[in-house]
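Welcome! Take a moment to look over the sequence and the model before reading on.

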Amino acid sequence: MRLTQTKAELRAAAAIRPRAVVMTMGALHEGHAALLAEARERVGPDGSVVLTIFVNPLQFGPTEDFDRYPRTLASDLAIAKNEGVDLVFNPSRDELYPNEPSITVHPGPLADELEGMVRPGHFAGVLTVVSKMLHLTSPDLALFGEKDYQQLTLIREMVCDLDMDVDIVPVQTVREPDGLALSSRNRYLDETERDEALVLYRALTAGAKAGMNGPDAVLAAAHAELEAVPSVQIDYLALRAPDLGPVIGPGEARMLVAARVGTTRLIDNISITLR
Ligand SMILES: Nc1ncnc2c1ncn2[C@@H]1O[C@H](COP(=O)(O)OP(=O)(O)OP(=O)(O)O)[C@@H](O)[C@H]1O
Ligand SMILES: CC(C)(CO)[C@@H](O)C(=O)[O-]
Ligand code: BAL
């Protein structure tokens with residue numbers, strides 16, 4: 001496994017194809033490992049798997065956790081090696097953004113909803129760095145987790161609307177045995193908060209169980225769970241079509257939730273079959 005920290009080194013690295021990229025902000029866990037394993041599976045033993053690790057300042061608001069975001073490069077590299085990664089790209093902020101970019105990606109209206117309501121400008125920052133990383137790594141496929149479902153949806157829209165020649169591969173959310181979605185931010189939680197955080201998954205599964213009774217029943221069941229833990233502050237609970245447009249009838253839908261547990265903000269989502 002090779003570690004590169006400059007764009008020049010990355011570009012000069014062997015151009016083995018097929019090539020898959022997994023983009024992360026580091027603090028790797030089993031969710032990231034699942035993306036890397038799926039990447040290897042898809043490119044085969046002779047293809048290459050590229051991992052990017054970069055805490056992207058452009059996607060953090062001024063009061064968010066950019067400074068305290070966990071940075072654990074040594075253990076990230078050990079996990080990457082264990083997953084058979086060929087190349088790690090871990091640039092510094094100055095390397096990736098030698099100047100404040102004046103041209104960025106405009107993500108369209110979905111970026112102002114859900115996460116975008118609470119984190120204005122977040123998805124412009126995400127799509128700008130994802131676009132840069134796609135240019136720099138030039139992959140055949142790029143894998144993203146369903147845990148960040150709105151991000152995945154917007155990346156798909158960008159790749160389609162801007163004719164980017166890459167396959168976007170979704171990977172199911174990896175959960176703890178009790179249902180909590182793995183997230184780098186889980187490490188901010190103390191023991192009590194870790195227990196409280198489980199209400200997100202309880203709300204989603206209660207909603208999913210109510211699917212046969214229609215959208216109102218789904219939202220009511222999920223809200224009832226969330227209201228039972230008043231210390232958890234809900235940012236939004238929403239039921240949408242799989243492309244995050246409005247629900248227009250029976251069939252598959254997505255329920256998404258975001259909430260603050262103490263000072264930690266967590267998100268999760270689930271697929272729901274509506275009758
Ligand atoms: N539990 C998970 N299951 C599957 N994919 C995941 C999971 N957690 C993160 N990912 C995916 O890993 C990629 C990198 O995500 P990121 O580095 O932000 O990790 P994270 O755990 O989501 O961190 P954060 O706590 O900042 O949300 C994204 O495509 C994300 O959707
Ligand atoms: C896609 C990403 C690596 C861009 O910084 C980030 O938003 C993430 O980790 O999900
Ligand atoms: N996992 C999405 C990146 C972020 O929260 O900024």
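This is a predicted model: local features need pLDDT of at least 70, side-chain atom pairs count only at pLDDT 80 or more; totals for chains, interfaces and linings use all residues.

Residues are numbered from 1 along each chain as its sequence is written, and chains are lettered from A and ligands numbered from 1 in the order in which they are written.

**Two domains**
- The protein divides into domain 1 (2-171) and domain 2 (184-268), with bounds that come from an automatic or database domain assignment.
- Taken over C-alpha atoms, the centres of domain 1 and domain 2 are 26 Å apart.
- Contact joins 13 residues of domain 1 to twelve residues of domain 2; two residues are in contact if their C-beta atoms, placed from the backbone, lie within 7 Å.
- On the side of domain 1 that touches domain 2, helix H5 (115-118) and helix H7 (149-161) each supply at least two residues.
- Helices (H or I, at least four residues) and strands (E, at least two) are DSSP runs, numbered from the N terminus.
- That side of domain 1 has eight nonpolar, three polar and two charged residues.
- For these classes, Ala, Val, Leu, Ile, Met, Phe, Trp, Tyr, Cys and Pro count as nonpolar, Asp, Glu, Lys and Arg as charged, and the others, Gly among them, as polar.

**The nonpolar core**
- A nonpolar core is a set of buried Ala, Val, Leu, Ile, Met, Phe, Trp, Tyr and Cys residues joined through C-beta atoms within 7 Å.
- A residue is buried if 20 or more other C-beta atoms, placed from the backbone, lie within 10 Å of its own.
- The largest nonpolar core has 62 residues, of which Val22, Leu51, Leu200, Met255 and Val257 touch the most other members.
- Domain 1 and domain 2 both give residues to this core, so it lies between them.
- Leaving aside neighbours within four places in sequence, Leu51 is in contact with Val22, Thr24, Leu36, Ala80, Val85 and Val88.

**Helix H7**
- H7 has 13 residues and reaches 18 Å from its first C-alpha to its last, close to the 18 Å expected at 1.5 Å a residue; the expected span is 1.5 Å times one less than the number of residues.
- Among the buried residues of H7 are Tyr149, Leu152, Ile155 and Met158.
- The buried residues of H7 pack against several elements, including H5, H6 and strand S5 (141-145).
- Just after H7, Asp163 takes a positive phi of about 50°.

**The ligand shells**
- Around ligand 1 there are 18 residues, the closest being Gly31, Gly145, Leu182, Ser184 and Arg185; a residue is near a molecule if its C-beta atom, placed from the backbone, lies within 6 Å of it.
- Helix H2 (30-43) and S5 each give two or more residues to the shell around ligand 1, and H2 gives the most, with four residues.
- Ligand 2 has Met23, Asn56, Val126, Asp148 and Gln151 among the residues around it.
- H6 gives the most to the shell around ligand 2, with three residues.
- The shell around ligand 2 has five nonpolar, four polar and one charged residues.

**A closer look at Asp268**
- Asp268 is found in strand S9.
- Asp268 counts as buried because it has 23 C-beta neighbours inside 10 Å.
- Although 122 residues separate Asp268 and Glu146 in sequence, their C-alpha atoms are 8.9 Å apart in space.
- Not counting residues up to four places away in sequence, Asp268 touches residues including Lys147, Leu200 and Val257.

Conventions
A residue is buried if 20 or more other C-beta atoms lie within 10 Å of its own, exposed if 12 or fewer, and partly exposed in between; C-beta atoms are placed from the backbone.
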